[in-house]
Amino acid sequence: MSQGAINLVGKSRGELERLFVGMGEKPFRARQVMRWLYSHAELDPHAMTDLSVAFRERLSESARFALPTVMERQEASDGVWKWQLAAGGNQAIETVFIPEASRGTLCISSQVGCALDCSFCATGRQGFNRNLDAAEIIGQVVLAGRELAEAGEGKTVTNVVFMGMGEPLANFRPVAEAVDVLTDDLGFGLSRRRVTVSTSGLVPQIRRLAESARVALAVSLHAPDDELRNELVPINRRHPIAELLPACWDYVERTNTRDVTFEYVMLAGVNDSLVQARQLARLLRNRPAKVNLIPFNPFPDSGYERSTSAQVDDFRDVLMSAGIMTITRKTRGDDIAAACGQLAGRVNNLVSAPLGGKSVGNKSRGVSPS
Ligand code: SAH
Ligand code: SF4
């Protein structure tokens, strides 16, 4: 295999068909190769025994099935696994597997870092370096599946969430390509309800997603008014709440999904008062919305504190009594910094002027913006 050989991991069925036809093969070779890759996690063309010997030989010369390189794998006391994967230039992205009684959720990264600079997020703090391509996104899923199978404990990936490092809708095309492979019967065969794209609120891309991917949508809301949201989620200055919410309701209508999940990180004394709970209820009442309250996961010098569990319960009760389905997300994997918002990987920041105009290198805040 030559190093310049094309990586076939993450290619859609249509792309593989085109490639193989270009090599003088029949289009159905794409189905065979996908089955080996995604059902058997086989990476060696020589082992793909229902292909002709000549085609196997050509594949091994001109193509490769390359997965990201594992730098480290950690296992938390609660069964969560976290991989650090090489992303070039001494950088790393992170992938997390969260086992539950009836499912296994893989939380994948879409970018090396993130440019959106949310004030409570460890990834945002690291800055942004580059987008991942579809091979690097799907590579995380193939790799995790292989290693979980090898461990022989019966752990499997049943759900995939784009809630690792990065803003998936800022890397639209590779994410849409990856969704295609995740939901293709010959890919991972996941139903669209089992694939969730989480966004901080890129409105034009939410509309575009409705046309192409139709997966479950999660929106990081985190504040019930623009003044606070501008501070916590700076992209709100470009797409305020009055623009974001209608895009969410349109998404539900156009994709026939049940609802949008609104994520709300509970920051003590910042966004967790009962007045704010009532404001949030007014925004979401009688809408196809549910709420996930996320206890804030701390990281060094974040400047924020987690709300008490009593406060989280009271906040939830306000929403529930307004008829809004609300759950408090359990914090998992925090002893290995694998919980929501703790993924920092290793990122060489290239962002010269993050949203909001703060300069690079001035990303530590130290004080709570209450
Ligand atoms: N960029 C996307 C997806 C990745 S973040 C987004 O923002 O939606 C996944 C979730 O973790 C988001 O809801 C994000 O707001 C939340 N999060 C970020 N930092 C966090 C922290 N320190 N504690 C808890 N949740 C956090
Ligand atoms: Fe980026 Fe999401 Fe973190 Fe905001 S919360 S900085 S959008 S990864």
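**Figure 1. Leu280 in helix α10 of the predicted model.** Leu280 belongs to helix α10, which covers residues 274–284. The model shown here and in the other views is predicted. Leu280 has a relative accessible area of 1% and is buried. Pro224 is 56 residues away from Leu280 along the chain, yet the C-alpha atoms of the two residues are separated by 5.0 Å.

Figure 2. Is Arg214 buried, exposed or partly exposed? With a relative accessible area of 37%, Arg214 is partly exposed; the value falls between the cut-offs of 20% and 50%. Val9 is included for distance: its C-alpha atom and that of Arg214 are separated by 22 Å, and the two residues are 205 residues apart along the chain.

**Figure 3. The two faces of helix α3.** Helix α3 is made up of residues 53–62, and Phe55, Arg56, Leu59 and Ser60 in this helix are buried. Viewed down the axis of α3, the buried residues fall within an arc of 135 degrees, so they line one face of the helix. An α-helix has 3.6 residues a turn, so residues three or four places apart point the same way. Val53, Ala54 and Glu61 are on the other side of α3, where they are exposed.

**Figure 4. Ala41, a non-glycine residue with positive phi.** Ala41 is found in the loop between α2 (29–39) and α3. Its phi is near 50 degrees, a positive value in a residue other than glycine. The relative accessible area of Ala41 is 19%, and the residue is buried. The cut-off for buried is under 20%.

Figure 5. Asn256 lies in the loop between α9 (241–255) and β12. What is the phi of Asn256? Phi of Asn256 is near 60 degrees, which is positive, and the residue is not glycine. The relative accessibility of Asn256 is 72%, and Asn256 counts as exposed.

**Figure 6. Ligand 2 and its surrounding residues.** Ligand 2 sits in the largest cavity. The residues around ligand 2 are Cys114, Leu116, Asp117, Cys118, Cys121, Gly124, Gly166, Glu167 and Ser200. Four residues of this shell are nonpolar, three are polar and two are charged.

Figure 7. Rolling a probe the size of a water molecule over the atoms shows where empty space is left. How many cavities of 30 Å³ or more does the structure hold? The structure holds one of that volume or more. The space in the largest cavity comes to about 490 Å³. Its lining consists of 31 residues, and those that lie nearest the centre are Phe120, Cys121, Met163, Ser220 and Gly341. Elements that each supply at least two residues of this lining are α4 (122–126), β10 (195–199), β12 (260–266) and β13 (289–295). Sorted by class, the lining has 16 nonpolar, 11 polar and four charged residues.

**Figure 8. The largest pocket.** The volume of the largest pocket is about 1200 Å³. A total of 43 residues line the largest pocket, with Arg103, Val161, Met163, Thr196 and Asn292 nearest its centre. At least two lining residues come from each of β5 (92–99), β6 (104–107), β9 (159–162), β11, β12, β13 and β14 (325–328). Which element supplies the largest share of this lining? The largest share, five residues, comes from β13. The lining of the largest pocket has 17 nonpolar, 13 polar and 13 charged residues.

**Figure 9. The second largest pocket.** The second largest pocket holds about 370 Å³ of space. Its lining is made up of 21 residues, of which Asn7, Ala66, Asp133, Ala135 and Glu136 lie nearest the centre. Helix α5 (residues 134–151) gives the largest share of this lining, three residues. By class, 10 residues of the lining are nonpolar, four are polar and seven are charged.

Methods:
Residues are numbered from 1 along each chain as its sequence is written. Chains are lettered from A and ligands numbered from 1 in the order in which they are written. This is a predicted model: local features need pLDDT of at least 70, side-chain atom pairs count only at pLDDT 80 or more; totals for chains, interfaces and linings use all residues. Side-chain values use heavy atoms; hydrogens and water are left out. A residue is near a molecule or strand if one of its heavy atoms lies within 4 Å of it. On a 1 Å grid over the protein atoms alone, a cavity is a set of points where a 1.4 Å probe fits but cannot get out, and a pocket is an open set with protein on both sides within 12 Å along at least five of seven lines; lining residues have an atom within 4 Å of a point. A molecule sits in a cavity or pocket if more than half of its atoms lie within 2 Å of its grid points. Ala, Val, Leu, Ile, Met, Phe, Trp, Tyr, Cys and Pro count as nonpolar, Asp, Glu, Lys and Arg as charged, and the others, Gly among them, as polar. Grid points are joined across faces, edges and corners, and a volume is the space filled by probe spheres set on the points. Helices (H or I, at least four residues) and strands (E, at least two) are DSSP runs, numbered from the N terminus. Buried means under 20% relative accessible area, exposed over 50%, partly exposed in between (1.4 Å probe, protein chains only). The arc is that of the directions from the helix axis to the C-beta atoms.
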